[in-house]
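Biologist: I have a structure open and would like to go through it with you. Let us take one question at a time.

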Amino acid sequence: MATIIKVNGVNRTIDVDGDTPLLWVLRDVLGMTGTKFGCGMALCGACTVHVDGVATRSCITPIESIGASQITTIEAIGATAAGAKIQKAWLDREVVQCGYCQSGQIMSAVALLASNPHPTDSDISDAMSGNICRCGTYVRIREAIKQAAQSDTRGG
Amino acid sequence: MIIDHITSRSTGAHRSSSESGLSRRGFLQAGAAAGGGLVLSLNLPFAAGDAEAADVFAPNAFIRIEPSGQIVLTMPYVEMGQGTYTSIPMLIAEELEVDLKQVRLEHAPPNEKLYGNPLIGGIQATGNSNAIRAAWQPLRQAGATARTMLIAVAAKRWKVDPATCRAQSGEVLHPPTRRSIKYGELLVDAARIPVPKSVVLKRREDFKLIGMPAKRLDTPAKVNGTAVYGIDVRPPGVKIATLAQSPVFGGRLKNVDDTAAKAVKGVRQIVRLDDAVAVVADHMGAAKKGLAALVIEWDDGPHAKLNTQEIVGELEKATLNPGAVAQNIGDADKAMASAATKVEATYQVPFLAHATMEPMNCTVHVRKDGCEVWVGNQVLGRAQVAAAKTAGLPLDKVVVHNHLIGGGFGRRLEIDGVVRAVEIAKHVDGPVKVVWTREEDIQHDMYRPTFFDRLSAGLDEKGAPVAWKHRFAGSSIIARWAPPLFNNGLDPDTTEGAIDLAYALPSLHVEYARVEPPGIPTAFWRSVGPSHNVFVTESFMDELAAAAKQDPVAYRLALLDKTPRAKAVLALAAEKAGWGQPLPQGVGRGVSVQFVFATYLAQVAEVEVSKDGAVRVQRVVCAVDCGTVVNPDTVRAQIQSAIIFGITAALYGEITLKDGRVEQANFDTYQILRMNEAPAIEVHIVQNFEPPGGMGEAGTSAIVPAVTNAIYAATGKRLRKLPVDTAALKRPV
């Protein structure tokens with residue numbers, strides 16, 4: 001049965017089982033491969049997207065649970081103020097190595113900053129510890145979030 | 001964004017030097033490229049034999065300068081996070097006097113003759129932390145040759161002495177007359193002049209790029225979702241498959257009931273193989289749902305009852321008998337007999353998975369007359385050969401496209417995933433992307449081997465070591481992966497870090513017994529030899545310091561007079577870490593120093609052990625001397641990365657078998673260090689102009705003993721088996 005979901009401001013019609021995780025709709029049906037598959041059990045955060053601004057693991061989010069909610073992915077996050085700041089900080093601080101987990105890291109960081117513009121170290125740990133980075137870029141992720149939080153200019 | 005320009009060059013589209021009209025022999029050759037650019041074909045030393053033997057010049061890499069002035073480099077190494085797509089271009093851009101932004105990169109196609117790695121037996125491989133070591137001289141030479149030729153033709157055009165000209169930012173300048181001309185305007189002339197036999201490399205004090213932190217070229221696309229990894233490819237009409245392989249290695253598929261799976265919406269096909277079954281679907285969601293709906297019966301085969309204890313027991317037994325002598329300095333037996341004190345210990349390290357963030361995947365389209373493969377792999381030449389063999393096609397009918405790699409760590413030095421995907425694709429009409437679930441990825445990895453070690457040392461009256469004996473048993477990856485490099489029972493990888501200690505020991509005797517575990521495949525990891533041996537040797541050195549009742553840093557420093565670079569990094573790390581300063585109860589400092597991958601590295605870890613035995617690494621200080629640094633920011637990043645990777649292994653890493661099955665499956669049972677557990681990390685780089693050493697793996701081996709030595713300092717408990725057993729660290733309340 002066809003379902004309509006709103007991804008990055010655009011209505012998309014899809015026809016998959018209602019229990020299909022959002023991750024596979026994004027990647028395989030809609031061809032938006034910026035959101036990554038890591039574990040399929042919400043253990044690593046690579047698949048993080050925003051559902052109405054809330055960081056959400058798309059690998060365990062059934063498509064039937066989305067309803068009229070707004071989905072935002074890494075492809076569009078740069079258009080938000082917090083997203084642009086985070087992306088800039090990520091590049092300024094040279095956070096990225098293999099980069100595979102970074103879509104999810106960035107989505108988690110943007111959600112943190114959007115709801116908490118000046119996070120403490122402990123806030124950062126709480127918001128980011130669900131995102132695994134096998135390259136171990138944690139030190140720089142923390143620095144980059146702090147840099148983004150300190151930049152007042154819109155878009156960094 | 002440079003990453004937009006990274007393209008995958010297929011074999012068929014690849015233009016060899018002979019095809020572009022180049023056949024002269026020599027270190028570097030120039031000629032007109034199709035499209036009017038200047039091509040410099042670079043022949044790395046190891047390929048010289050081929051180049052001389054054949055009439056066709058077979059270069060190892062290509063530099064192409066386009067009329068726009070853009071430099072195109074075909075990258076013989078793959079980018080998996082280590083920064084090679086920035087540091088390798090830096091070498092050329094430095095000598096060519098161009099901005100890094102002008103360099104465009106292309107993945108090299110599979111071709112061992114052109115892109116074989118001289119430091120890995122000529123195999124087209126990215127591994128062993130050696131890209132910079134292999135490329136340091138020849139790629140700078142390539143850039144300098146191009147620069148010299150461009151200056152020569154500009155000078156000729158202006159009728160001035162070339163010595164009065166210089167190159168800068170992609171232009172040749174003649175300062176006396178304030179004239180300048182862009183490289184792009186000189187290409188036609190430059191392609192016509194002979195290649196100079198020798199060129200002058202820039203003086204180190206004139207370097208503008210090498211040694212300066214450079215922005216990575218591959219990162220902008222990695223923060224906005226546009227970077228394309230192997231798992232992201234989408235050839236038109238592609239189907240998605242996921243698979244279940246025999247849960248016991250060596251088992252067989254007995255029977256599959258696919259009635260329910262076929263009823264799943266989006267499932268297209270069930271593919272049965274001898275030892276695996278795959279579900280092909282419109283999307284991964286349907287493929288996974290279909291896979292879960294299969295009722296599968298396995299024949300577990302000969303390893304149905306295998307468990308880890310049996311494997312380790314065999315290794316332990318093997319260390320009771322002599323092995324191949326890997327190192328023999330002085331007379332260790334004699335020195336041991338006359339020693340005042342004797343110290344003995346056994347150590348054990350476990351199997352480890354790679355757990356790259358990008359799960360194993362490979363996309364394949366098998367047609368009657370050819371096969372196309374899309375993958376991210378560290379051994380592209382081998383991937384092509386394996387695909388051809390599996391598909392039953394000639395090599396030249398197989399095109400392999402390489403991609404960015406979402407974590408390698410040695411996992412993608414293997415081609416098992418390519419073979420599996422081709423096996424499945426042979427049954428599918430059209431392209432199919434085979435994606436391993438995380439569970440399949442971890443339970444069908446090829447693992448860093450387990451090792452068992454037996455050590456003894458003799459100390460003199462003052463506590464100084466006079467004898468060191470080390471015998472260990474375990475798998476040799478090299479013996480399978482590059483058999484010619486396995487000789488007399490030994491290989492250079494398995495013994496690295498055990499036979500080449502930085503310390504001046506009057507006697508040293510090391511033996512290795514190759515024992516291949518049944519029922520579990522082994523492979524490279526973020527180092528094999530060092531990740532095992534440095535833990536063992538640096539823990540044991542700590543034991544000797546304790547037996548001698550001496551400070552672990554002072555004890556080591558006294559043995560390092562003959563290796564001043566090792567001594568310097570150790571002293572620096574200790575100083576920066578505040579070695580000797582008081583720490584709270586339950587917190588300890590541990591140290592390690594090593595010389596592996598041609599890099600000297602010392603680390604001090606500060607570790608807190610709480611009353612319940614929980615271990616937290618609070619701070620790590622690292623001092624590194626890797627010789628000439630190309631991109632210091634990448635050196636820092638690699639060390640930060642390697643430390644986190646090593647702490648993960650020290651605290652959590654362990655693959656175990658029960659009834660032939662890997663017990664760990666996903667990130668809940670195979671844990672990875674997380675943000676809230678990550679220590680503060682300080683990196684101090686020793687500046688010098690020694691030849692460059694490797695950086696990708698060195699930090700991983702050093703941190704493990706630093707952590708366990710710190711646990712000893714904090715608790716008095718010596719851990720000789722990994723991962724850390726926190727239950728053993730519990731203190732009575």
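Biologist: Is Gly38(A) buried or exposed?

Modeller: This is a predicted model, and the answers below are computed from it. Burial here means a relative accessible area under 20%. Gly38(A) has a relative accessible area of 2%, so Gly38(A) is buried.

Biologist: Which residues is Gly38(A) in contact with, leaving aside its neighbours within four places in sequence?

Modeller: Gly38(A) sits in a loop of chain A, between α1 (22-29) and β3 (48-51). Its contacts come from both chains. From chain A they are Cys44(A) and Ala46(A), and from chain B they are Met357(B), Pro359(B), Arg438(B) and Phe667(B).

Biologist: What separation do the C-alpha atoms of Gly38(A) and Gly67(A) have?

Modeller: Along the chain, these two glycines are 29 residues apart.

Biologist: In what order do the elements of chain A run?

Modeller: Chain A has six helices and five strands. Read from the N terminus on, the order is β-β-α-β-β-β-α-α-α-α-α.

Biologist: What radius of gyration does chain A have, and what does the globule rule give?

Modeller: The globule rule gives 15 Å for 156 residues. The value for chain A is close to that, so chain A is as compact as a globular protein of that length. The C-alpha trace spans about 45 × 30 × 25 Å along its principal axes. The radius of gyration of chain A is 15 Å, and the rule gives 15 Å.

Biologist: What radius of gyration does chain B have?

Modeller: Chain B is built from 18 helices and 29 strands, and its C-alpha trace spans about 85 × 70 × 45 Å along its principal axes. A compact globule of 733 residues would have a radius of gyration near 27 Å. Chain B agrees with that, at 27 Å.

Biologist: What percentage of the residues in chain B is buried?

Modeller: The accessible surface of chain B comes to about 26,100 Å², and 52% of it belongs to carbon and sulfur atoms. Of the contacts in chain B with a separation of 6 or more, 75% are accounted for by residues 24 or more positions apart. Of its 733 residues, the buried share is 64%.

Biologist: Why do the buried residues of α8(B) line one face of the helix?

Modeller: Helix α8 of chain B covers residues 308-318, and its buried residues are Thr308(B), Ile311(B), Val312(B), Leu315(B) and Ala318(B). Seen down the helix axis, these buried residues fall within a limited arc, so they line one face. An α-helix has 3.6 residues a turn, so residues three or four places apart point the same way. For α8(B), the arc is 115°.

Biologist: Which strands are included in what covers those buried residues of α8(B)?

Modeller: The strands named here belong to chain B, as does the helix. They include β16 (341-349), β21 (451-459), β22 (465-474), β23 (508-514) and β27 (657-658).

Biologist: Is Glu606(B) buried or exposed?

Modeller: Glu606(B) is placed in strand β25 of chain B, residues 599-609. Not counting residues up to four places away in sequence, Glu606(B) touches several residues, among them Arg589(B), Arg616(B) and Arg619(B). With a relative accessible area of 12%, Glu606(B) is buried.

Biologist: How far apart are the mean positions of the positive and negative charges of chain A?

Modeller: Chain A carries 13 positive and 14 negative charges. Their mean positions are apart by 8 Å.

Technical notes. Residues are numbered from 1 along each chain as its sequence is written. Chains are lettered from A and ligands numbered from 1 in the order in which they are written. This is a predicted model: local features need pLDDT of at least 70, side-chain atom pairs count only at pLDDT 80 or more; totals for chains, interfaces and linings use all residues. Side-chain values use heavy atoms; hydrogens and water are left out. Helices (H or I, at least four residues) and strands (E, at least two) are DSSP runs, numbered from the N terminus. The radius of gyration is taken over C-alpha atoms; the globule rule is 2.2 Å times the number of residues to the power 0.38. Lys and Arg count as positive and Asp and Glu as negative; His and the chain ends are not counted. The place of a charge is taken as NZ of Lys, CZ of Arg, CG of Asp or CD of Glu. Buried means under 20% relative accessible area, exposed over 50%, partly exposed in between (1.4 Å probe, protein chains only). The arc is that of the directions from the helix axis to the C-beta atoms. Contact means heavy atoms within 4.5 Å. Accessible areas come from the Shrake-Rupley method with a 1.4 Å probe; for residues, only the protein chains shown count as cover.
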